[in-house]
Every structure is written in structure tokens, then in C-alpha cells.
Amino acid sequence: RVVVVGSLNVDSTSYVEAFPAPGQTILSHGFRVALGGKGSNQAVAAHVVGASVELVARIGTDAAGDFALATLERFGLSTGAVGREADAPTGVAQITVADSGENTIIVTGGANLALTPAAAEADSGRIASAAVVLTQGELPVATIQRVAELAADAGVRFVLNLAPPAPVDAATLRFADPLVVNEHEARAVGLGTDAAGASLDAWRELAASAVARTARSIVVTLGSAGAVAASADGSWTAAAPRVDAVDTTGAGDGFTGALAAFLAEGRPLDEALRFAVAAGALAVQSRGTVDSYAPRHAVLSSAGL
Ligand code: ADP
């Protein structure tokens, strides 16, 4: 089982010709509501590729919360660990996309902020029974650190997607197995500062040289190039297939969810890396976030596993 302790947001996106000025009211030419938040995205991604998943998250008692639960249920995810807070709104991202391609985003953490260290402790039984515990940089730092400690106490593998970069302590980073970061986040944790435009192989070497002092293992995602991984057992590259990318939103979450799912099956990191790269490449080929994640058989065959 994969236990995801993470953020859950509902994204509301308006598509406009140009951004409104202060005080101005304009009409949009499109609107979409979809599940977002790295925790819920990665939980869906792991579930879609076949993992048994428990999502520990907090939502409000509002309509956005109802929508989030309905979406998780539509995918067949268990919602038993998604708690509802009476006095906080469900986390939302209000996104405006202009025809220029630029966007503005307002995130309200809302009920996600109730996912405190104490709340994680209340779910320590779930954490202790997991094969993999997965969390992300969107949670409060103290909660990430407490989740790492609970996983360590129970001898459970801890996967940390440090997105966005959060100032977690060195002990938490060192316990991550793997620490999953994209190129920008890698720089934020002191990896590859002068590696702009570096090759997969150069990133593999950077990860390999950082791994012992930084984390138990490291995975760096590199967009259309693919991803690299390093652990005490070795270091690997996985090139992404050349695909027609129509929407890269949520690709990183699809990657991380698939990676955690494969690791929870006891697969080695190099195979999980190939599996996750294939999942990410499939996700960019269709629109949406959670709706763009491909099922297990498609990912396996694309990865040649
Ligand atoms: P993030 O979205 O978190 O910044 P990346 O851009 O590194 O993450 O993408 C994560 C993964 O998604 C990559 O490792 C790759 O597997 C896949 N991916 C992303 N963009 C593309 C693309 N244009 N073509 C193929 N695969 C892609």
C-alpha cells in the first residue's frame, strides 16, 4: 500500500483574452474545475497504475470538498482518510490563463493547513502499515518532518517530492528514499547549481555524487529529456520517449505517483525510474491533470517492462 500524506486542492481555471485590470469585470471564454494539489494528484496517479492507495488529506465541508470526494470516488480511491474541517474552506487554486499563455494563480491553503504534525500522528497506524509513504513540499514543513519520523519509526520507505522546495531539516532529507525533485527544485536543495542545459548523464553523475550526503536516494526529473536516479546501489538514466506534448500540467505528479506505486511493489529504483518516465510521457499526451494519467498496462508496455 502507498500512503500519501498530502495536499488536496480544487483548481478553478478561467480562460481569458487578457487579464482584467483592478476594478474591471471581464467575460471569460472558458472555465474548468478539476482536482489539483500534489497530494491528491499523486494519489490518483499511483492508484491508476495499480497501487492500493490511502490518501491522508483535509478538505472543507463545502461544495468544493464534495467535488473533490466525488472525483476521488470516480477513480475508485478510498476516501476514508480524507478528513473534513467544518471551519475551513477546501484548498483552492484560482487560476487565470490569458490567450498569451501567461497565467496568474491564487492558492488558498484552507483545510490543508489542518494537516498538522498532530493530524499525521493520528494517522500513524496507516503510515506504519504502508510499504511506501509519500509526501510533498506543499504540506507544512513541521508535518513533512513528522511524517518522516513516523515512517522512520515504523521502518517504512519514505518518498519525498520536494515540490515546491520547502526548508525541511537535513535529517528528513537524508531519510528520503528517494528525494524526487525537478531541475529547479534540485538547484534549491543545492544540486546542480551550475548544470544549466546539462545532459542526462551529467545529471546522473551529479545525483550520484550528492546521494550519500543528501538523501538515501535521489531522483531528478528533466522534462522532455526524462529523469535520472542514484542510490547506494548505482545510478541510472531513463530517457523520455519523444512525444507530442499537448498539456504538461501534472506530469511531475504522474511521474511521482507511478514511481511510488512501483517501489511499493518492491521493484528496484532503476525499474521504477523507467516506469515513472513512461507514465510522465503518457500524461503529457492528453489534456488535464488527473484525467491524463494512463493505466498500468499502457505504462508497462511503453516502459518495456
Ligand atoms: P515538473 O512538471 O514537476 O517540472 P518535469 O517537467 O521534469 O516535472 O516532468 C516530469 C516527467 O514527465 C519527466 O521526467 C518525463 O517523464 C515526463 N515529461 C514531462 N514533459 C515531457 C515531454 N515534453 N515529453 C515527454 N515526457 C515528458
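Student: Is Leu-8 buried or exposed, and why?

Tutor: Leu-8 counts as buried because its relative accessibility is 0%, where buried means under 20% relative accessible area and exposed over 50%, with partly exposed in between (1.4 Å probe, protein chains only). This is a predicted model, in which local features need pLDDT of at least 70, side-chain atom pairs count only at pLDDT 80 or more, and totals for chains, interfaces and linings use all residues. Residues are numbered from 1 along each chain as its sequence is written, and side-chain values use heavy atoms, with hydrogens and water left out.

Student: Where does Leu-8 lie?

Tutor: Leu-8 lies in the loop between β1 (2-5) and β2 (9-16); helices (H or I, at least four residues) and strands (E, at least two) are DSSP runs, numbered from the N terminus.

Student: And which residues is Leu-8 in contact with, leaving aside neighbours within four places in sequence?

Tutor: Its partners include Leu-35, Leu-55, Ile-59, Leu-72 and Asn-112, with contact meaning heavy atoms within 4.5 Å.

Student: New topic: which residues of α5 are buried?

Tutor: In α5, the buried residues are Thr-143, Ile-144, Gln-145, Val-147, Ala-148, Leu-150 and Ala-151, and they pack against β1, α3 (117-122), α4 (124-128), β8 (132-136), β9 (157-161) and α6 (170-175).
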